[in-house]
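Hi,

Here is the structure I promised to pass on. Please open it next to this email, and then read my notes below.

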Amino acid sequence: MASGASDDTSMKFWLRAESKPHEQRTPLTPVTCKKLLSAGHQVFVEKSEDRVYKEVDYERVGCKIVEEGSWTDAPADAYIVGIKELPNEDHPLKNPHIYFGHAYKGQDGWSDLLQRFHQGGGELLDVEFIVNDSGKREVAEFGPMAGIAGAALAIAVWCHQQLKLNEMFPSVTPYMSEDDMVNHLKSQLQLIANERGVPEIYPKVLIIGGSGRCGQGAAYILEKTGIPSKNIVKWTRQETQGGGPFPAILSYDIFVNCIFLSKKIPPFLTKEMFHNNTRNLTVISDVSCDCTSPDNPLPIYDTITTFVKPTHRLDMSPSTKLLDVIAIDHLPSLLPKDSSDKYAAKLLPFLLKLPEASTYPPWVRVKNIYRDKLKEALAGIEMRTRKESVARDEAELSSSSEFEIKRSCSIFRNIMSSFNVHHIWLRAETKPNEQRRALTPDKCRELIEKGFQVSVEYSDQSAFKNEDIPGINMVQAGSWVNAPSDAIILGLKELPHSHDPVSHRHIYFAHAYKNQTGWATLLHRFIKGGGSILDIEFMTDENGRRVVAEFSGMAGLGGMGLGILAWCHQQLSPDKPMGEVKPYGNEAAFIDHITLQIKQVAELKGVQKVFPRIMVIGALGRCGRGALEIAYKLGIPKSSIAEWDLEETKAGGPFDEILNNDILVNCILLTEEIPPFLTKEMLERANRNLSVVVDVSCDPNNPYNPLPFYNSITSFDKPCGRIRLRCAKPLDVIAIDHLPSVLPRESSQRFVNKMTPYLLKLGDDPVWNRTKKMFDQKAAEAKALIDSGVLH
């Protein structure tokens with residue numbers, strides 16, 4: 001044994017032969033095997049006629065050569081290393097396996113595969129889920145190679161179409177190097193140019209997903225082949241964010257699709273777009289290769305192709321112009337040596353860390369996701385087995401008395417309820433600067449201890465770091481769209497804007513029940529998808545009082561604090577509104593900063609103390625109390641604060657008294673139309689004191705908005721909207737609709753402490769019944785409006 005490892009840390013690596021036809025790649029090259037051996041590990045290599053490196057190459061560096069397929073008899077402590085899927089068999093798997101398992105996104109047969117590992121005592125260490133602390137994949141080296149191969153094949157097919165129009169593109173064999181491939185493509189392009197009597201000729205190519213690793217690989221090989229940059233167009237999310245179909249694609253000769261599909265999106269192309277012969281497009285290389293997915297953005301085809309038959313020629317009648325599609329799901333095998341070398345180099349450092357797998361974060365995450373997915377798989381199999389058993393029993397009892405049948409059904413229901421394991425899926429917030437989370441690490445662990453399954457999406461902007469949540473199934477941001485159908489998606493703020501149907505139950509603040517802009521469209525998405533909203537704002541007790549409205553107090557606190565900071569800024573720098581606000585680590589830091597700003601204003605004015613005059617409307621509610629709480633902590637005297645509530649506003653506005661204050665903090669809960677508190681005409685008065693309005697209620701899109709002189713939400717990036725008035729005195733409006741995010745950790749903790757008891761009683765507490773009933777009522781209202789044509 002080499003001196004690089006002790007007996008305790010020596011590992012056995014077993015390189016299996018790939019069983020997928022024409023798969024020549026390998027995750028271990030002779031170079032990386034030599035490094036493993038030098039580190040004191042043992043390496044066994046199965047014979048393989050397809051592998052790009054031969055047995056002698058491995059033997060030369062000291063590997064032991066074994067028979068193809070013998071991994072099934074490998075020592076139990078050997079790590080079986082591969083790339084593509086295992087043979088489709090049913091024997092238990094006793095070893096840890098390192099490969100692309102494709103078993104964690106609900107793929108066909110995923111639960112049966114994981115059950116095989118469970119039965120044999122083995123473990124799936126899925127390479128796709130080796131990620132860093134931000135959730136970015138660390139060993140995704142095949143992405144660029146797929147782009148390179150997909151774009152190269154597209155050029156080859158286009159050339160073939162020009163030279164042999166009526167013949168299908170033949171089978172392809174792998175290239176031994178990138179240079180060989182480039183030289184072949186250049187020669188094909190030159191043949192076309194010679195045939196047409198021109199110096200050179202190149203196709204126009206569109207790459208969608210051009211900024212990703214796959215798209216960058218595609219662009220790289222096109223440029224290396226000599227295609228001018230003006231002929232290569234790269235689309236990113238900016239070009240596709242409006243949603244397809246995109247007729248502009250038809251103006252290109254070749255379309256290379258390199259997107260990473262994480263959710264359903266409108267199709268890029270439809271068959272109807274191909275009904276005439278005016279298009280240029282004749283080749284599509286679908287590197288993403290999602291044709292078997294229900295979310296396929298290229299629904300014009302549904303068939304995987306292979307290296308033996310690389311293209312599928314589509315019938316686009318009545319159009320007579322040809323269209324060939326490339327959809328090979330292991331494109332990097334076109335350059336097996338190059339792709340193997342790059343991938344193996346990426347994987348090696350993680351293999352060398354396997355002796356520390358119990359503490360090394362990337363392997364800890366890989367192991368945790370396996371355990372969580374295994375638990376999910378076994379629960380599903382158990383449920384399926386129970387259902388099948390009960391179904392058989394019911395069939396046998398079909399001739400029994402009515403009493404016996406009812407009794408059997410009762411037993412069935414009890415059995416089913418005992419396996420009713422809730423799956424909470426914590427989605428990443430997509431709203432900019434939203435650092436709060438609807439679950440904190442400690443509450444995630446509490447739910448798991450109570451039998452819940454918990455999945456948490458990675459988030460780069462969360463106040464809670466990803467590493468704060470060890471032992472939890474961490475998943476990619478935005479992957480909730482592909483979550484298991486029984487998962488309950490938990491969040492805080494609005495979903496990303498889309499028209500796609502929503503199939504899951506969602507718990508969040510939907511802001512859709514007060515006729516806000518787009519409310520009916522949002523609810524219609526849930527109606528179409530069969531999902532539902534359990535709106536946190538409408539979780540109420542039997543008296544209609546909200547039970548999880550903990551953000552209200554924090555919103556008031558944050559709004560008041562920012563309002564005072566904006567007023568201070570006006571005194572210190574009156575020519576421009578307050579700039580970007582960063583979240584604070586805790587309330588003490590927030591108060592210290594505001595106190596410092598107030599002190600600077602006093603120094604500027606040459607006085608010992610100075611405070612703004614403030615009016616709080618809605619002072620008796622939770623939001624108003626939060627606003628008053630921080631004002632008094634800042635030392636603002638009660639004489640400087642006017643506390644208004646229903647009694648003071650019952651006569652209806654407008655209210656001239658507001659203008660006597662420096663700051664207005666609006667904390668009302670708007671449930672009906674009321675007269676405005678202020679009008680723009682009032683604000684034109686030269687003698688007003690008012691210079692800051694904090695609309696904590698934030699209802700600018702509500703037709704009942706009591707502050708109708710503004711209509712735009714502000715943000716932490718630009719917290720103040722300055723109202724244009726003839727009057728020279730400035731008026732800044734703060735209308736941030738997630739104010740508690742100014743203190744993200746504290747507000748999250750307060751909210752979660754209130755929310756968790758109800759999560760633990762999902763489906764069993766009357767609060768949830770009331771919330772679901774509210775959704776049903778508003779969904780029916782939205783459907784009626786859409787069906788009648790009032791809304792579209």
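Helices (H or I, at least four residues) and strands (E, at least two) are DSSP runs, numbered from the N terminus. Keep in mind that this is a predicted model.

Start with the backbone. Most residues other than glycine have a negative phi, and most peptide bonds are trans. Some places here stand out.

His22 sits in the loop between strand E1 (12–15) and helix H1 (30–38). Its phi is positive, near 65°. Is His22 buried, exposed or partly exposed? His22 counts as partly exposed because its relative accessibility is 40%, and that class lies between 20% and 50%.

Asn433 also has a positive phi, near 65°. Look for Asn433 in the loop between strand E13 (423–426) and helix H11 (441–449). With 24% relative accessibility, Asn433 counts as partly exposed.

Now the cis peptide bonds. One runs from Gly244 to Pro245, with omega near 0°. Pro245 is in the loop between helix H7 (237–240) and strand E9 (254–257). Another runs from Ser317 to Pro318, with omega near 10°. Pro318 is in the loop between strand E11 (311–313) and strand E12 (324–326).

Last, the inside. The largest nonpolar core has 44 residues. Met560, Phe590 and Val616 are among those with the most contacts inside it. Helix H13 (551–572) and helix H14 (587–605) are among the elements that each supply at least two residues of this core. H13 gives the largest share, ten residues. Another core, of 43 residues, lies apart from it and includes Met145 and Leu335.

Best wishes

Methods. Residues are numbered from 1 along each chain as its sequence is written. This is a predicted model: local features need pLDDT of at least 70, side-chain atom pairs count only at pLDDT 80 or more; totals for chains, interfaces and linings use all residues. Side-chain values use heavy atoms; hydrogens and water are left out. A nonpolar core is a set of buried Ala, Val, Leu, Ile, Met, Phe, Trp, Tyr and Cys residues joined through side-chain atoms within 4.5 Å. Buried means under 20% relative accessible area, exposed over 50%, partly exposed in between (1.4 Å probe, protein chains only).
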